[in-house]
Amino acid sequence: MQENLMTFSMRLDNKVIKDLKKRAKIESIKHGNDISYVDLARNYINRQIESDNPCLVDEADSELLQYIRPAGRFWTKEEKRVLNESELGKNLQKCIDSEDFSFYTDVIKQMIDIGLKYNSVSRKLLVVDERDKKDPIAEIDRNIASVAQIIARRGAVPDKISEGETFLLPEFEIAAFPTIRQENLSPSTLLSCASSGVNAIQSELDRNVIALLTGSVENKGTQIVVNIGSLTVCALVKAIGLVCQHGVAASYIIMNPLDYIGTLVFGIDFFETTPTLTDAFKTGYYGHFLRTEVLVTNAVPKNTILVCADKGILGVCVSKNTKAMHEKEQKKLREGFVLSTTTGLAAVNDWAIAKIEITAAT
């Protein structure tokens, strides 16, 4: 046995054991190997650890990541008490008392980087090129057999790059300006303010990434599957095949939450999901369709499904110059904070993306 492995025992319900044994028998017949129910349990645990973001969070990032909360999430009395007694809460209270928010702006910059690292689909779909603000504009190698796509400005229609072996990737800034009433200042409201700004930046970045990928596949034109009615298994399999036909694996399926709910009827033979929807939306692990990971984001329009290859093939996301500044709105009796990050987006290989368009039956 390898030195990095340990043996442990656990108790499972008899029904679960019987189900695992039945599945193990089926898998053994399918693959021609002797697969036991213990192998299935071990593989499932390993996949959960690899796919569930909270299990992969760096210890240094875990404290601030928990405070990047979804919109509408309120603070309980117990959560406020724990925060106020923590080192972070005490330092934030010092910022309020002294009216010096330099420590808080440093926390915001960390939260932006951590939020994008763990919650943004751009970090999974594109290779991240971390650059210093003094670094020159990134120069990207281009596959001469493909038409590259770039986003020149925030919210702009993707531009085509069809000539040259390399191209310069333009950068643009994404910003947010959350504010707090001065009478409501507290450690929890400061973190809620930072969280709303981080979520706004992440949502805007994700929308630009999805626009980039959609523009790339639509320009290619031959990687689109039209699905009439509701989403079907056949349409997903065909889209995966359009990517795999180029000799690369389809790594991600990206869809809107409403389309994701519709896939739950496919069953475990096709779609391996988390036990509950609460687990899925809380952890960010939405399961696998035929061993292809599923990502869910509102940045993808309803009735549009994207299938993408690995980020090492798909494109690049430049990340640099994360900033946070205190901007006091004295006349409105509010404390404001400008949050921003600079990025550049490019899709290099247009054949590494497939799209499913769901149209209503007539």
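First, the conventions. The model is predicted, so local features need pLDDT of at least 70 and side-chain atom pairs count only at pLDDT 80 or more, while totals for chains, interfaces and linings use all residues. Residues are numbered from 1 along each chain as its sequence is written, and side-chain values use heavy atoms, with hydrogens and water left out. Helices (H or I, at least four residues) and strands (E, at least two) are DSSP runs, numbered from the N terminus. Buried means under 20% relative accessible area, exposed over 50%, and partly exposed in between, with a 1.4 Å probe and protein chains only. Two strands pair if DSSP finds at least two bridges between them.

For strand 10, strand 11 is an antiparallel partner, over 2 bridges. There, phenylalanine 271 has phenylalanine 289 in strand 11 as its bridge partner.

Now strand 9, residues 250–255. Of its 6 residues, 5 are buried, so strand 9 is largely enclosed by the rest of the structure. Strand 9 pairs with strand 13 in the antiparallel sense over 4 bridges, and isoleucine 253 is bridged to valine 307 in strand 13. With strand 12, strand 9 runs parallel, joined by 4 bridges. In that pairing methionine 255 stands opposite valine 296 of strand 12.

Two loop residues come next. Arginine 291 is not a glycine, yet has a positive phi of about 65°. Arginine 291 sits in the loop between strand 11 (288–289) and strand 12 (292–296), and counts as exposed because its relative accessibility is 70%. Asparagine 303, also not a glycine, has a positive phi of about 70°. Its place is the loop between strand 12 and strand 13 (304–309). Its relative accessibility is 27%, so asparagine 303 counts as partly exposed.

Next, strand 3, residues 148–151. Which way do its side chains point? Ala148 and Ile150 point one way, Gln149 and Ile151 the other way, and all are buried. Strand 3 runs antiparallel to strand 4 (residues 159–161), with 3 bridges joining them; glutamine 149 has lysine 160 as its bridge partner in strand 4. Strand 3 also runs antiparallel to strand 15 (residues 334–347), again joined by 3 bridges. There, isoleucine 151 stands opposite leucine 345.

On to helix 6, residues 102–119. Its 18 residues reach 25 Å from first C-alpha to last, close to the 26 Å expected at 1.5 Å a residue; the expected span is 1.5 Å times one less than the number of residues. Its buried residues include Tyr104, Val107, Ile108, Met111 and Tyr118.

Last, the surface. Phe8, Met10, Leu12, Val16, Tyr44 and Ile45 form a nonpolar patch with about 550 Å² of accessible area together. Leucine 12, in the segment before helix 1 (14–31), counts as partly exposed because its relative accessibility is 39%. Patches are made of residues with over 30% relative accessible area and no salt bridge, with like charges joined within 9 Å and nonpolar side chains (Val, Leu, Ile, Met, Phe, Trp, Tyr) within 5 Å. A salt bridge is a side-chain nitrogen of Lys or Arg within 4 Å of a carboxyl oxygen of Asp or Glu. Areas come from the Shrake-Rupley method with a 1.4 Å probe; for residues, only the protein chains shown count as cover.
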